[in-house]
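Let's take a walk through this protein together. Have a look at the picture first, and then read on.

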Amino acid sequence: MVAPCIQCGTCTASCPASHAMDLSPRRIVAALRAGQRDTVLSSRSLWLCASCYACVVRCPSGIPFTDVAYALKREAARTGVDDRRGSALARAFVRVADRLGRSAETELLLRYWLSTNPLRAIAALPLAFRLWRRGRLSLFGRGIVGRQDLQRMMAALERPGSGA
Ligand code: SF4
Ligand code: SF4
């Protein structure tokens with residue numbers, strides 16, 4: 001999938017998140033081609049990708065970098081070599097979505113901060129209280145109707161041989 005890369009760097013130049021990445025999209029592709037699997041899978045860059053597809057649209061070699069990044073994220077999480085701080089938000093989101101069928105800001109942020117920096121959660125309490133008093137913050141997310149059906153669908157997708 002990445003073999004036709006000509007290392008032109010257009011993906012990195014187009015990427016709005018590359019300034020914060022430890023490995024730029026171009027370097028990730030180069031490392032993949034060099035067989036540096038663990039370097040790639042443990043990179044925080046995978047979790048900073050905003051899925052904007054700018055790199056895909058502009059790549060002269062037609063490399064679907066965004067899809068490559070998704071596949072690498074799945075593999076990193078499955079094998080447990082992911083950058084834990086980088087993947088923390090995605091993990092928190094999956095837990096909330098699993099439970100409720102959709103996102104809930106308060107639970108999402110609490111889970112994220114508790115797994116990365118609990119002091120942030122404590123520091124945010126005064127603001128959270130003010131927002132809650134004005135009816136701008138819901139403390140408990142509400143689940144969607146039929147979330148058991150959604151959970152069954154997700155469980156079916158995760159079964160071996162499902163093709164997911
Ligand atoms: S834009 Fe495409 S060809 Fe150029 S470095 Fe990135 S992946 Fe390789
Ligand atoms: S899809 Fe990801 S890697 Fe590609 S340009 Fe957007 S943020 Fe950067």
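Here is a short tour, from the overall layout down to one helix.

What you see is a predicted model, in which local features need pLDDT of at least 70, side-chain atom pairs count only at pLDDT 80 or more, and totals for chains, interfaces and linings use all residues. Residues are numbered from 1 along each chain as its sequence is written, while chains are lettered from A and ligands numbered from 1 in the order in which they are written.

Start with the big picture. The protein has 11 helices and zero strands (DSSP runs, H or I of at least four residues for helices and E of at least two for strands, numbered from the N terminus). Its C-alpha atoms fill a box of roughly 55 × 40 × 30 Å along the principal axes. The domain assignment, which is of the automatic or database kind, gives domain 1 (10–79) and domain 2 (87–158), and their C-alpha centres lie 27 Å apart.

Now zoom in on helix α6, residues 65–79. Its 15 residues reach 21 Å from first C-alpha to last, close to the 21 Å expected at 1.5 Å a residue (that is, 1.5 Å times one less than the number of residues). Which residues of α6 are buried? They are F65, V68, A69, L72 and A76, where buried means 20 or more other C-beta atoms, placed from the backbone, within 10 Å of a residue's own. These residues cover an arc of only 100 degrees around the axis, so they sit on the same side of α6 (the arc is that of the directions from the helix axis to the C-beta atoms).

Conventions. Buried ≥ 20, exposed ≤ 12 C-beta atoms within 10 Å, placed from the backbone.
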